[in-house]
Amino acid sequence: MCRTIKVFPILGPKYNSTYLMQVIKEKMGETRLNETLTEVVLSTFDIKTNKPVIFTKSSLAESPELNAKMYDICYSTAAAPTYFAPHYFATTTSNGDPYEFNLVDGGVATVGDPALLSVSVAMEHAENEDPAFASIKSMNYKKMLLLSLGTGTTSDFRETYTAAEAARWGPYKWMSVIQNMTNAGSTYMTDYYLSTAFKALGSQDNYLRVQETALTGSTTTWDNATLANMQLLKQVGENLLNKQVSKDNPEETYADALIGFPTMLSIRKKLRANKASY
């Protein structure tokens, strides 16, 4: 019997990034950040400066060097270490000088859940007196709707460890588990902060986090894009819709909540169009 063994490269990323970049270029064309139809928030991390780089349309007045082509930004925010190669590109400053970027996925800066980042950008708009965000000054979360869609975790079934076990670990073992721990902790803390803040400000109904925490088997693999796994993930999503949102309100499912959010958004949009107080 002949058996094929897939060998992953020891040196270099798991995947060739050429095709991914080709697809993104086909979709984005030569569009730059300043040409987006609405505000966008894209997180990356510069491995040369060791600092996060957040691309937002509103930041271009003070940081024109961020006005990069969208395909450069979109590839960078998808360049997860070990999976795709980091991305280098250059733009120009207000003085016409070159400005260099060496970027990887923003998850390196623990921005796996960008919900908190989105709120921060909205607050910054309000502070800068953007008319579209004037109603959320002074942390007025009642004027904000936040829908956070997770991609799933295995926290309910993830293997756990004791301090005695971990005391015997060396660098290799820690490297094999620390990323999952960091990702889970970052996502949990983001949700904890936002749910606490919205509730404290009387706006708990304005924030909804949708996250499956019981992924198992092939659905836990980041890069399994087989048709069978896509169908499994679709089923996971459909099952999640029927789960209750919280123990405080056992009758409300995620399907109910997701229907309610667009309704609230539509009402607010009509009020804004009529220049009414909302």
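Helix α2 (residues 70-78) lies across strands β1, β2, β3 and β4, and runs at about 65 degrees to β1. Helices (H or I, at least four residues) and strands (E, at least two) are DSSP runs, numbered from the N terminus; contact means heavy atoms within 4.5 Å, and axes are lines fitted to C-alpha atoms, for helices over the stretch in contact, with angles from 0 to 180 degrees between N-to-C directions. This is a predicted model, in which local features need pLDDT of at least 70 and side-chain atom pairs count only at pLDDT 80 or more, while totals for chains, interfaces and linings use all residues. Residues are numbered from 1 along each chain as its sequence is written, and side-chain values use heavy atoms, with hydrogens and water left out.

The four strands form an open sheet in the order β2-β1-β4-β3, with antiparallel pairing, where two strands pair if DSSP finds at least two bridges between them. Because β2 (51-56) and β3 stand at the edges with a single partner strand each, one side of each is left without a neighbour in the sheet. Neighbouring strands of this sheet are turned by 45 degrees against each other on average, direction ignored.

At one end of that order, strand β1 (residues 41-46) is joined to β2 by six bridges, the two running antiparallel, and valine 41 stands opposite threonine 56 in β2. At the other, β3 pairs with strand β4 (residues 98-105) in the antiparallel sense, again over six bridges, with alanine 90 opposite glutamate 100 in β4. β3 and β4 form a hairpin with five residues between them, and glycine 96 in the turn has a positive phi of about 85 degrees.

In a regular strand the side chains alternate between the two faces of the sheet.

Most residues other than glycine have a negative phi, and most peptide bonds are trans.
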